[in-house]
Amino acid sequence: MSDLVTIQGDAEQLSSLVDIPTLNIIDQSAKPLTDTLFSVIAYADDVAKAAAEAVGCTVTLIKTEAELAEELQRLADSINDTPLDFSGEIE
Amino acid sequence: MVYPLTSEAIEATVQKLASDFPLLCTSTVFDKPTQPIDGSPRQYSFLKIGKGISPDRPAALIVAGLHARELAPPDAVLNFFGKLLQAYTAGKPCILPAFEDISGTGYDFLTIPNFTVKAIIECMDTYIVPLANPDGRAFVLGQLAKGERDPQNLLWRKNRSIDLPTTPPDAVGTDLNRNFDIAWDFDRYYSPAVAQSKNFLRGTSKNPESIVYRGPFAFSEAETQNIKSMLDKFPISFYIDLHTWGPNILYPWSIEDSQSFASFMNFLNPQYDGQRDGSGPTRDSYSEYFPNKPPIRLLDRHESIANFMAEAIKSATGERYDTGHGVDLYTTVTTEGIDVTPTTGGSDDYAFSRQFDPFNPSVMHAFTLEAGNEITSFVPNPDYHYPRVEREIHAALTGWVSYIAIWHGLFP
């Protein structure tokens with residue numbers, strides 16, 4: 001598993017990261033910040049984050065692996081098999 | 001509300017709405033059941049909400065849940081229309097409750113005035129497909145329930161059908177939002193330089209193992225055939241497809257950049273086959289035609305409606321949404337660089353494209369809402385992300401249906 005991060009850099013810097021096996025840049029997540037600077041959203045482990053920083057990118061944490069796991073646990077706990085009911089009076 | 005609803009609970013909610021509000025709401029089982037590899041064929045339904053039979057009333061189609069992992073929109077759309085029906089029946093405004101998220105940020109009541117509730121029910125017909133990919137959602141929630149905790153393994157996007165009995169597990173499913181018949185045959189539509197570029201193939205793919213696999217042929221999937229059948233049967237002139245995440249409000253085109261001066265330059269014209277150049281500042285030899293002639297001024301109208309929705313969301317949540325042509329809002333990184341990414345086979349482009357049919361040239365308005373952001377993501381925390389994404393969807397829908405029911409009735 002990996003952290004969810006934002007990575008900022010120019011086109012050349014970000015393109016150089018695409019083949020890192022433990023970096024999963026989410027498709028179509030790139031956003032232009034200036035004419036030359038972009039941000040992408042990615043799942044990245046420590047190796048991938050270090051590689052991004054090594055080429056001059058800025059890596060910002062969105063959620064840690066532990067936070068992601070905790071959120072997924074909450075989501076699993078709240079799966080709801082009961083239909084919504086709108087037949088009563090408005091609260 | 002407790003979220004996420006299972007696919008079965010969503011279908012049961014559809015049936016319950018139809019039975020609780022029989023004069024305002026009907027449910028219809030789709031002709032084609034889904035064909036999942038990991039279960040039995042599944043029957044599922046759509047809703048029609050509206051009271052009255054005026055032939056001039058506009059009809060709208062709302063689709064949610066085409067992508068399996070995008071959990072919030074199906075729940076949000078049902079909650080929105082359930083509360084709307086409840087308010088109409090009580091003769092009261094529709095009040096979506098205030099809440100505070102875990103960071104302490106407060107979100108005020110979202111009130112839809114009585115007049116607007118009445119107009120939405122009485123002045124338009126609203127068709128709703130709350131869950132367009134029930135097998136995909138069942139797969140995601142099943143994995144979650146089994147203990148899968150790697151978000152990258154939970155991000156299933158496609159449906160659960162297979163092309164051939166010999167399909168390997170990695171090649172299950174079609175990206176339903178690449179399976180509609182608009183530039184689906186992208187090798188014919190684009191120049192080879194575009195259709196074979198890494199950037200393009202990250203947005204749409206012929207590879208069944210890709211998460212954006214377009215399927216073996218256009219409308220190969222029961223789920224997309226069912227949406228097409230609704231567009232064929234009903235006089236729908238407004239279409240919106242609800243997704244996560246953005247925050248963006250898109251309108252056509254996503255297959256190309258757009259222009260409004262040369263009507264002959266369009267996806268139907270075989271003269272341009274194999275020459276279309278995608279989108280981007282250096283690719284200006286071809287752009288897809290987007291009508292904007294008076295009196296309708298369709299492009300201006302799309303921009304106005306998108307901005308109206310964006311303002312409604314900002315007012316309700318503070319979130320700033322980008323609005324624009326789909327192709328301008330999707331950008332991808334590949335080893336070849338960063339570029340805008342055209343996508344083919346999308347439901348909004350397909351719905352929009354139908355007005356170019358010379359035998360059925362009725363005006364169509366088409367949008368995609370990409371709700372939420374990278375923090376709320378595909379798998380929102382039910383305690384504080386879900387309500388926020390839901391509020392954004394509710395605010396957007398309030399703006400969208402209000403426009404149709406009130407303004408479009410006054411200025412068709």
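This is a predicted model: local features need pLDDT of at least 70, side-chain atom pairs count only at pLDDT 80 or more; totals for chains, interfaces and linings use all residues.
Next I asked which residues Ile227(B) touches, not counting residues up to four places away in sequence. I listed Leu61(B), Val63(B), Leu66(B), Ala132(B), Phe180(B) and Tyr239(B). For a distance, I took Leu24(B), which is 203 residues from Ile227(B) in sequence and 22 Å from it in space, C-alpha to C-alpha.

I turned to the sheet of chain B, which I recorded as open, with eight strands in the order 1-2-8-3-9-16-10-13 and mixed pairing. At its edges I found strand 1 (25–29) and strand 13 (322–325), each of which pairs on one side only. From one strand to the next, the twist averages 20°.

Within this sheet I followed strand 3 (residues 59–64) and strand 8 (residues 125–129) of chain B, which pair in the parallel sense over five bridges; in one of the entries I made for this pair, Ile62(B) has Ile128(B) in strand 8 as its bridge partner.

Last, I looked up two helices that lie across strands of chain B. Helix 2 (residues 72–90) lies across strands 1, 2, 3, 8 and 9, and it runs at about 140° to strand 3. Helix 10 (residues 298–317) lies across strands 9, 10, 13 and 16, and it runs at about 30° to strand 16.

Terms used
Residues are numbered from 1 along each chain as its sequence is written. Chains are lettered from A and ligands numbered from 1 in the order in which they are written. Side-chain values use heavy atoms; hydrogens and water are left out. Two strands pair if DSSP finds at least two bridges between them. Helices (H or I, at least four residues) and strands (E, at least two) are DSSP runs, numbered from the N terminus. Axes are lines fitted to C-alpha atoms, for helices over the stretch in contact, and angles run from 0 to 180 degrees between N-to-C directions. Contact means heavy atoms within 4.5 Å.
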